[in-house]
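Please work through the exercises below with the sequence and the coordinates open side by side.

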Amino acid sequence: MEFIRFKTGKDDEGRRLDRIAKKLLSEENLSQLYKALRNGLIRVNEKKQKGEYRIQKGDEIKIASFLAENAVLAGKKNQEEITPLPEEWIVLRTQELLFLNKPYDLPVQKSKAGEQALNVLVQEDYDFFNSKNAQKSLSFGTGPLHRLDRRTTGLIAFSQNLEGAQAFSKAIQEHRIKKTYLAIVEGALEKTEIWTEKISRNEKDLNSLKFHTVSVNSDSENSKESNTVAIPLAYGKYKGIQVTLVKFIISTGRTHQIRATSAYHAHPLLGDTVYGGKKISEKQNLFLHSYSLEFLDNLLSLPKKIVCPPGENFVSVLKSALINLPCEL
């Protein structure tokens, strides 16, 4: 019987054999997969292994060729079928992490069939750069390490290996990463304000897998605390509407945190009709930008602070609103 050999990579270590086999044999159902394991059609280092076997460094997985013909491996794609990301999107790339300037109106993860999404484009980019890597993981897939709404632009981090994913996620959980955003809000925010609120997903949206809204300081049992610092930077008017350019610093990452809490304090984001903002007619109709990530201690030898200036559409509206821009913008 002929077998196809798959060499495991560093990021496969500790993963269950059945999980890796399922990723390789995506067309097989679980009962067929476990039958193949029992019958020795899937082997590790020439031996039968149970599905719960944990992959060790240097293991070789063999799969009967008649099963593996449709194995879904990015490395098996033709080079022409996988493409890198546009260079202008890339803020910083390391072995562990990828930092991007997310464009406006591009979802991080798709919510409906056929929709283009950033995570798919990043996976293709990852496959492109690892297509000739003999030590490429069989099980690892890159993914976003924090959230940005579809209409939010700016800095977002994606994992490039397991070490990067684990280190960044742990730093987020321990509040060792300071996230700063820029936003254009309605009204004149006169001084720096610190907002500590409870945020909960609206009951009518609880069963929705797609878009949902949140409420601030409701009595809901699913409420979670949010912490936001709002710092006014400049003032102006957009088509008769008083506006403020605000720097938001958040230590929590609740859904719609900035949009909902800013509206709760009578300063909805310009164009954010979901939370009470006035509708505007621009190429970009909501102005919330992920500006920087600052690491409070050394993280994978990254720079202490990574900055991503706002794009042309954002700056254009600032200029049209006669706002005196801070020099760093």
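Two exercises follow, each with a worked solution.

This is a predicted model, in which local features need pLDDT of at least 70 and side-chain atom pairs count only at pLDDT 80 or more, while totals for chains, interfaces and linings use all residues. Residues are numbered from 1 along each chain as its sequence is written, and side-chain values use heavy atoms, with hydrogens and water left out.

**Exercise 1.** Classify the ring pair of Phe99 and Phe295, and state whether each residue is buried or exposed.

Solution. Rings of Phe, Tyr and Trp (its six-membered ring) pair if their centres lie within 6.5 Å, and planes under 30 degrees apart count as stacked, over 60 as edge-to-face and the rest as tilted. The centres of Phe99 and Phe295 are 6.4 Å apart with planes at 70 degrees, so the pair is edge-to-face. Phe99 lies in strand β6 and Phe295 in strand β13, 196 residues apart, strands being DSSP runs (E, at least two residues). Buried means under 20% relative accessible area, exposed over 50%, and partly exposed in between (1.4 Å probe, protein chains only). Phe99, at 0%, is therefore buried, and Phe295, at 3%, is buried too.

**Exercise 2.** Classify the ring pair of Phe128 and Phe129, and find which charged end sits over the ring of Phe129.

Solution. The centres of Phe128 and Phe129 are 5.2 Å apart and their planes stand at 80 degrees, so this pair is edge-to-face. Phe128 is partly exposed at 24%, and Phe129 is partly exposed at 45%.

Technical notes: Helices (H or I, at least four residues) and strands (E, at least two) are DSSP runs, numbered from the N terminus. A charge sits over a ring if NZ of Lys or CZ of Arg is within 6 Å of the ring centre and within 35 degrees of the ring normal.
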